[in-house]
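Here is a short report on one protein chain. Keep the sequence and the 3D view open as you read.

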Amino acid sequence: MFKKLYTNSPTTATLGFHCSIYVLVICVLFASQSLLGDYALRIFNNILIFIILAVSYNLINGVTGQLSLEPNGFVAIGAYITALMLLDSDLKWGMFQLADPHPFILSMYSELLPALFCSGIVAAILAVLLSFPVFRVRGDYLAIVTLGFGFIIKILAINNPEWTNGAIGLNEIPNNHDSIVGAIEKLLLSLSASDSPLQGFFHFLYIHAFGNGANITVFFWSGIFATASVILILQIVYSKYGRAMKAVRDDEDAAIAMGINTFKIKTFAFSTSAFLEGIGGGLMAVWLTTIDPKIFGFELTFQLLIIIVLGGLGSTSGAILGAILVIGGGEWLRFLDQPLVFFGKDFGSYPGLRMVFFSLILLVIMLFAREGIMGKREVWDLNPTKLRWFKKAQ
């Protein structure tokens, strides 16, 4: 159904479908504030951010087939730009201890949404500039070059304290500075007090979203951008550009022989992925309210690589499923790090046991699903009468 929607439906039908999805997502996000506890909401928010990062990383790595190890660099750029734009000059003067903040840093200030878009645009521009040297190589060499980019960004963040506050990082990042969410709150309040037939529905949304005093700003934008990222990636995958990306992945030399400008296609995928990774990094900074260069090491790239390989390289729904399993599953197994009691006997605690079990689960899945859980398929491509989740690769 979704494939036909994106390939055969007119623009008006697709737009209406997307608008209905956004309305549903907003209602779910608002209702979740009361239906879920604080701990569950934080996990849910983290999953939404990693969905943005996973589907964007899957575009360059899975759909286009370029072994890129750069997402930690673009996530770091997005996180720092968003954080610096949300902090006012007084906070920056009090926070920067290793050196006085640069005048340009002091002049940066905006609300959350413009800051996120600026983060994505800067990351995309940098990706376009990097494409010229990066895509002169292929395969393992491409992985080495992009891996070096991530290390360069981390080193620059540490050694330029007048721009990033160095190894100390940034703290007290505001997470409620957004007029759009404030306008939605006022609108729901007025609608819940009106005499419209949907007054009870609007009152329900207002009470569950804002009536308990919760800060919904980060959670709201994480859900909106996660939905937008999935829709954008699906639009690209089922377009002529997506078919060209798959051709580059399957055989780049054959794609060149067929007249495809492979550099243009790879640059487009690289910059689109970087744009969404920059936005995801900005949301991560606001969600954590504190960042430092150590957060953006290679471990972040490796975690994203596990997510997309587990879900299936080239599958957008697989990337979503992988983010849910890796982020949500990792938190669910946290009880293994606590003192273990079986049949009334205390076996003590074993720090790190959670990661041992998690690694074993990943090992078993990859042994029986060598192309990932979804392979290159989407959820709607599966035959419900013949589900083979663990089909071995031929």
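Glu252 and Lys266 form a salt bridge, with N and O 2.9 Å apart. Glu252 sits in helix H14 and Lys266 in helix H15. The two residues are 14 positions apart, and their pair links distant parts of the chain. Keep in mind that this is a predicted model.

**Buried or exposed?**

Is Lys266 buried or exposed? Its relative accessible area is 2%. The cut-off for buried is under 20%, so Lys266 is buried. Glu252 has a relative accessibility of 10% and therefore counts as buried too.

Where does Arg138 lie? Arg138 is in the loop between helix H7 (112-134) and helix H8 (139-159). Glu252 belongs to helix H14 (residues 252-257), so this pair ties together parts that are 114 residues apart in sequence. Arg138 has 39% relative accessibility, so it counts as partly exposed.

These residues belong to a network. Salt bridges link Arg138, Glu252, Asp253 and Lys266.

**The salt bridges in a table**

How many salt bridges does the structure hold? There are 4.

| Pair | N to O distance |
|---|---|
| Glu252 and Lys266 | 2.9 Å |
| Asp250 and Arg249 | 3.3 Å |

Look at the pair of Asp250 and Arg249. Asp250 is exposed, at 57% relative accessible area. Arg249 is partly exposed, at 21% relative accessibility.

**Two packed helices**

Two packed helices are described by the angle between their axes and the distance between the axes. Helix H13 (residues 240-250) packs with helix H15 (residues 262-288) at about 110°. Their axes are 10 Å apart. Angles from 65 to 115 degrees count as roughly perpendicular, so H13 and H15 are roughly perpendicular to each other.

Which residues meet there? H13 brings Tyr241, Ala244, Met245 and Val248. H15 brings Thr262, Ile265, Lys266, Phe268 and Ala269. The residues of this contact of H13 with H15 comprise 7 nonpolar, 1 polar and 1 charged.

**Two loop residues with positive phi**

Now turn to the backbone. Glu172 has a positive phi of about 55°, although it is not a glycine. Glu172 lies in the loop between helix H9 (161-164) and helix H10 (179-192). At 57% relative accessibility, Glu172 counts as exposed.

Thr289 has a positive phi as well, near 65°, and is a residue other than glycine. Thr289 is in the loop between H15 and helix H16 (298-311). With 24% relative accessibility, Thr289 counts as partly exposed.

**The whole chain**

The chain has 18 helices and 2 strands. It holds 394 residues, and 48% of them are buried. Take the contacts with a separation of 6 or more: residues 24 or more positions apart account for 77% of them. The chain exposes about 19200 Å². Carbon and sulfur atoms supply 67% of that area.

Methods. Residues are numbered from 1 along each chain as its sequence is written. This is a predicted model: local features need pLDDT of at least 70, side-chain atom pairs count only at pLDDT 80 or more; totals for chains, interfaces and linings use all residues. Side-chain values use heavy atoms; hydrogens and water are left out. Axes are lines fitted to C-alpha atoms, for helices over the stretch in contact, and angles run from 0 to 180 degrees between N-to-C directions. Helices (H or I, at least four residues) and strands (E, at least two) are DSSP runs, numbered from the N terminus. Angles under 35 degrees count as roughly parallel, over 145 as roughly antiparallel, 65 to 115 as roughly perpendicular and the rest as oblique. Contact means heavy atoms within 4.5 Å. Ala, Val, Leu, Ile, Met, Phe, Trp, Tyr, Cys and Pro count as nonpolar, Asp, Glu, Lys and Arg as charged, and the others, Gly among them, as polar. A salt bridge is a side-chain nitrogen of Lys or Arg within 4 Å of a carboxyl oxygen of Asp or Glu. Buried means under 20% relative accessible area, exposed over 50%, partly exposed in between (1.4 Å probe, protein chains only). Accessible areas come from the Shrake-Rupley method with a 1.4 Å probe; for residues, only the protein chains shown count as cover.
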